[in-house]
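Please read it alongside the sequence and the model.

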Amino acid sequence: MPTAYVTVPRDEAETLARTLVEERLVACVNRVPCRSTYRWNGQIHDDAETILIAKTTVDRYPDLVDRVRELHPHEVPCVERFDEADVLGPFAEWRDAAVE
């Protein structure tokens, strides 16, 4: 099952996380504050952001990516997929039941 790693400006994190859970695209989103340093349009930026770690299913992952692209304020949002090598069985069952 995939986990999506998404970075988002801090003031957008709560709304995006809640929307993904409410729309049942994910079972859970962990929010971790961070600072991101990156190059965009030839300039170096250093911004306060939040890492969203979103737990979903294989079937819903494409819909999750589409929704993040719709809602994210950046032209090119960071969305990366991590596929689990191992997961606790009861957690996987809960996650699958929480995502439609």
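Strand 1 and strand 3 (residues 43-55) pair in the antiparallel sense over seven bridges; two strands count as paired if DSSP finds at least two bridges between them. Strands (E, at least two residues) and helices (H or I, at least four residues) are DSSP runs, numbered from the N terminus. This is a predicted model, in which local features need pLDDT of at least 70 and side-chain atom pairs count only at pLDDT 80 or more, while totals for chains, interfaces and linings use all residues. Residues are numbered from 1 along each chain as its sequence is written, and side-chain values use heavy atoms, with hydrogens and water left out.

- Within strand 4, Cys78 is the bridge partner of Thr7.
- Seven of the eight residues of strand 1 (residues 2-9) are buried, so this strand is largely enclosed by the rest of the structure.
- Buried means under 20% relative accessible area, exposed means over 50%, and partly exposed lies in between (1.4 Å probe, protein chains only).
- In a regular strand, side chains alternate between the two faces of the sheet.

**Helix 1**

- The 13 residues of helix 1 should span 18 Å at 1.5 Å a residue, and its end C-alpha atoms are 19 Å apart, which agrees.
- The expected span is 1.5 Å times one less than the number of residues in the helix.
- Ala13, Leu16, Ala17, Thr19 and Leu20 are the buried residues in helix 1.
- Seen down the axis of helix 1, the buried residues fall within an arc of 165°, so they line one face of the helix.
- That arc is taken from the directions from the helix axis to the C-beta atoms.
- Asp11, Thr15, Arg18 and Glu22 are exposed and sit on the face of helix 1 turned away from its buried side.
- The cover over the buried residues of helix 1 includes strand 1, strand 2, strand 3 and helix 2, where contact means heavy atoms within 4.5 Å.

**Helix 2**

- Helix 2 has Tyr61, Leu64, Val65 and Val68 buried.
- These residues cover an arc of only 100° around the axis, which puts them on the same side of helix 2.
- Strand 1, helix 1 and strand 4 are among the elements that cover the buried residues of helix 2.

**Salt bridges**

- The whole structure holds eight salt bridges, each defined as a side-chain nitrogen of Lys or Arg within 4 Å of a carboxyl oxygen of Asp or Glu.
- One of them joins the side chains of Arg67 and Glu23, at 2.7 Å from N to O.
- Arg67 lies in helix 2 (residues 61-71) and Glu23 in the loop between helix 1 (10-22) and strand 2 (28-40), so the pair ties together parts that are 44 residues apart in sequence.
- Arg67 is partly exposed at 21% relative accessibility, and Glu23 is partly exposed at 34%.
- Arg60 and Asp63 form a salt bridge whose closest N and O atoms are 2.9 Å apart; Asp63 is partly exposed at 33%.
- Asp96 and Arg95 form another, with the closest N and O atoms 3.2 Å apart.
- Asp96 is partly exposed at 33%, whereas Arg95 is buried at 1%.

**Cysteines**

- The count of disulfides is zero, a disulfide being a pair of cysteine sulfur atoms within 2.5 Å.
- Cys34 is in no disulfide, and the nearest cysteine sulfur, that of Cys78, is 9.3 Å away.
- For Cys78, this distance to Cys34 is too far for a bond.
- Cys34 is buried at 15% relative accessibility, and Cys78 is partly exposed at 25%.

**Positive phi angles**

- Most residues other than glycine have a negative phi.
- Arg24, although not a glycine, has a positive phi of about 60°.
- Arg24 is in the loop between helix 1 and strand 2 and is partly exposed at 31% relative accessibility.
- Asn41 also has a positive phi, near 50°.
- Asn41 is in the loop between strand 2 and strand 3 and is exposed, with a relative accessible area of 67%.
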